Every structure is written in C-alpha cells, then in structure tokens.
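Open the model in a viewer and keep the selection panel at hand.

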Amino acid sequence: MSSIPQITTARDTLPRTARIEPRTRRSDFPILATRLDLHYLDSAATSQKPNAVLDAIRQYYENDNANPHRGAYELSARATQRYHDARERVADFLGVIDAPTLIFTRGTTEALNLVVTAWARTYMKKGDEIVVTAMEHHANFVPWQQLALLVGAKLRICELTTDGRIDLDRLKKLLGAKTKVVAFSHVSNALGTINPVREIVALAEQRAPNAITVCDGAQSAPHMRVRVGELGVDFYAFSGHKMLGPMGIGGLVGKRELLEKMPPYQMGGDMIEFVGDDRTTWNVLPHKFEAGTPNVADAVGLAAACDYLDGIGMDAVRTHELELLALMISRLSDVEGVRIYGPEDLALRSGVVSFTVDGIHPHDLSTVLDQEGVCIRAGHHCAQPLMRRLNVPATARASVYVYNDTSDVDALVRGVERAKLMFR
C-alpha cells in the first residue's frame, strides 16, 4: 500500500447538495456540546447519539413501555405498534419494501451469525466453497471460517489490489459451481474502501449460480444512501449504533424466499406458532427470528436516528464526509513519515483514514492524541487477515461523521506532529 501524495477528487468536483452545518449539528449531541475540547474521530467504531434519539428512547419508556405482542391491554398494544412502526421506518430508510424481511438483531455481528447458523449450517456440506475477501471484519470472516471447519467446506479468500480494493479479476477465478457463499463488506471498516456491490453480485450470479451473497453493511448504512433491493444481495447486515442509534440494535435484511426456508436459530417467546408435545411450528416473518422479548426501546431509538439522518439528507452526509476526508488526507500526507492506506480515489472511499507514522506504534500515537482530546482507534480493527497483508501489526484509524468539522482535522494533525516530536 502506498501513501497518497495528492487528492484525486478536488472539493470543487464534489456533488452539490445541501450542506451540513457541523457546529450546529454538534450542539445536537450532548456529549459533544458539553465538551468543546473533545475531537471525536472514532465513529467507525460507534457514533455519538443526538438528543432526538435519546429523547425517543426516554419517551418510549415513560409513555409506552410494556411487553409487546402478548398483552391484551392498551399499553401492550401501544408497545406493539411502536415496535411495528420502528421496523417500517428503518426498512424505509434502507429502501426495503417488504418490511417483515428486516429482522431486528443486536447488530451486524449477530445478523451475520444468524445467516451462518440458520442458512449455511442447514444447506452447506463437505466440498462446498465459501468465498470471502481479505479485507473483512472478523464478524464476516471467522463465522465462515469456523463453518468451513465444521462441515468440511473450503474457505477461499479473495486478495486485494495494491490500493486496497477487492481484486475482481481474482474474484472471478474463485467463483464456480461449488461456491455456496460469497461474503463481503459494502465498505471496509479498516480502509474505508467502498466496494462495487452490484458488480460483485452480478459476478456471483454469472459464475456461482448456487451461491448466496452476504453483505456486511455496518459501515455503509450510516454514511451513504443505501437501497438494499437495488444492491441485489441476498442478505444485508447493519448496526444501529454506528448510525446515531443506540447500542444493542441492528438488523438483517434477507430475501423472503430464503428467510422462509431457513429454520430459526433461537427458540422461545413469540417466534412460535404452535407447540405440541412432540413438534413445534414457527411464527411468520419477522417473528420467527426474533426469539424472546423484543428490544422495543432501542428499535424506537434507531427509527429516530433514521429520522435525524433523513432530516440532514444522506447525500449531504456523503458530501460533508468527502470534504473532511479530502482535507484529512491532504493534511496528513504533508506530515513526513505518515503512510496512508486505501484507495487514492476519494470516490472509492468512505470517511475512514487508516494510517501509520514511522517509528511510532499506533497505540502510542493514540495515547498521545488522547492527551490532546482527539479520539481515534488504534489496532487491527478486527481485521487481522488484512493487517497481515498490509505487513503491519496495526494502524491508526480516524473516522468522521455528521458532527465533525475542520477543527477536528486540525487537532488530529497537531497531535500527530506532537507525537513525532516526542518519539524522535
């Protein structure tokens, strides 16, 4: 991977959409509004939460809280309706027409494990092949690896180009009649690479007609306009906490014909239809995959996050991040000894910048930056196979979102310069 000597997408070529006013947006986030010296650049790990989300959760608990689906009283009916409405809202945000095919989970990791447990363990056998990429988060790598070991399937890894993109020529060669799963991220959490989902799906359909496509959308849903139906994937997983919503809520969007054939992966609660002494039948979608008491409050909070993001406009979110991304890469590239990883073309990147500084371990850099009030992520980013291919133990990762502005980039660069002085 080479450092980026110049910005390939100038600011004046970015799409013209309504601008976010980040300083105004910052006031919507209590943790940022009360700490003006805090420069939060770790939104790829989790986002901060606006008042609108916090208020929605509190108002649910204050006014509508009850166990849904099971109570024959008005308060329970209201809780049921709030949960139903939240699903409809999140589905609309993601362009999902058939809302019951959106299964609420704890997040992307559980959503991906649901596919592995309910679909792959049911339909895969010895000799089948699973294709993943070398940039995957462990949540979209380890479950497939362990499944391959369990059933005797073969895990095949698609390598990357020198600038951190999926090598589509290599992918073509890996796909075939034995391929049963093609799993990949929409956006790399470690590099920010935006992958060509529809092109990958088309390749899978042409060269691996027996395969399902599984897309990790944890880093795309928060940062760009996503229409799952248009992407063409069989399964799409996402997390609420990365898109201004609460922790502990996310989802899996699947094609109805696949979800209806899959057995449930957890038992109990409203996921049953009839329980006999010797057999049980399952409820309809989405309930079949949502065992136990639903996380209604956080679903309501996630719906409020969708309202907030749509109030800004996802095109505006993308434009704002591109502007900060261009500035951050330009400023860091001017610092001697900094090496930036990922595509040089900003059109192929989300708001993530992974970098290293000669002579400074990313953990040490993160500690120095923390003293300056700058929050970044340092480590392997749950992507150890990728780090091995980059030939580094770890990178520093700065990531931007709707509440960031140029002062955060300034603070980051000042902190890197200070770390260089300390470690020279």
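**Stop 1**

Select β14 and strand β15 (residues 395-399), which pair in the antiparallel sense over three bridges. Strands count as paired if DSSP finds at least two bridges between them; strands (E, at least two residues) and helices (H or I, at least four) are DSSP runs, numbered from the N terminus. Within this pairing, Gly379 has Thr395 in β15 as its bridge partner.

This is a predicted model: local features need pLDDT of at least 70 and side-chain atom pairs count only at pLDDT 80 or more, while totals for chains, interfaces and linings use all residues. Residues are numbered from 1 along each chain as its sequence is written, and side-chain values use heavy atoms, with hydrogens and water left out.

Now extend the selection to the whole open sheet, four strands in the order β11-β12-β15-β14 with antiparallel pairing. At its edges are β11 (338-341) and β14 (377-379), each pairing on one side only. From one strand to the next the twist averages 30°.

Axes are lines fitted to C-alpha atoms, for helices over the stretch in contact, and angles run from 0 to 180 degrees between N-to-C directions.

**Stop 2: the seven-stranded sheet**

Select the open sheet with the order β2-β8-β7-β6-β5-β3-β4, seven strands with mixed pairing. Because β2 (102-105) and β4 (154-158) are the edge strands with a single partner each, one side of each has no neighbour in the sheet. Neighbouring strands here are turned by 20° against each other on average, direction ignored.

Zoom in on strand β5 (residues 179-185) and strand β6 (residues 212-216), which run parallel and are joined by five bridges. Val181 stands opposite Ile212 in β6. Next show helix α4 (residues 74-93), which packs on the sheet, touches β2 and β7 (235-239), and makes about 115° with the direction of β2.

**Stop 3**

Which residues lie nearest the centre of the largest pocket? Select Ala44, His137, Asn189, Lys242 and Cys382, which are among its 27 lining residues. A pocket is an open set of points on a 1 Å grid over the protein atoms alone, where a 1.4 Å probe fits and protein lies on both sides within 12 Å along at least five of seven lines; lining residues have an atom within 4 Å of a point. Helix α5 (residues 108-123) gives the most to this lining, with four residues.

For the second largest pocket, 14 residues form the lining, and the closest to the centre are His186, Arg198, Met224, Arg225 and Leu231. Both α8 (197-207) and α9 (228-231) give two or more residues to that lining.

**Stop 4: an aromatic pair**

Finally, select Phe29 and Tyr308, an edge-to-face pair with 5.8 Å centre to centre and 85° between the planes. Rings of Phe, Tyr and Trp (its six-membered ring) pair if their centres lie within 6.5 Å; planes under 30 degrees apart count as stacked, over 60 as edge-to-face and the rest as tilted. Phe29 lies in the loop between α1 (22-26) and α2 (30-33) and Tyr308 in helix α11 (residues 296-312), so the pair ties together parts 279 residues apart in sequence.

Note on methods. Contact means heavy atoms within 4.5 Å.
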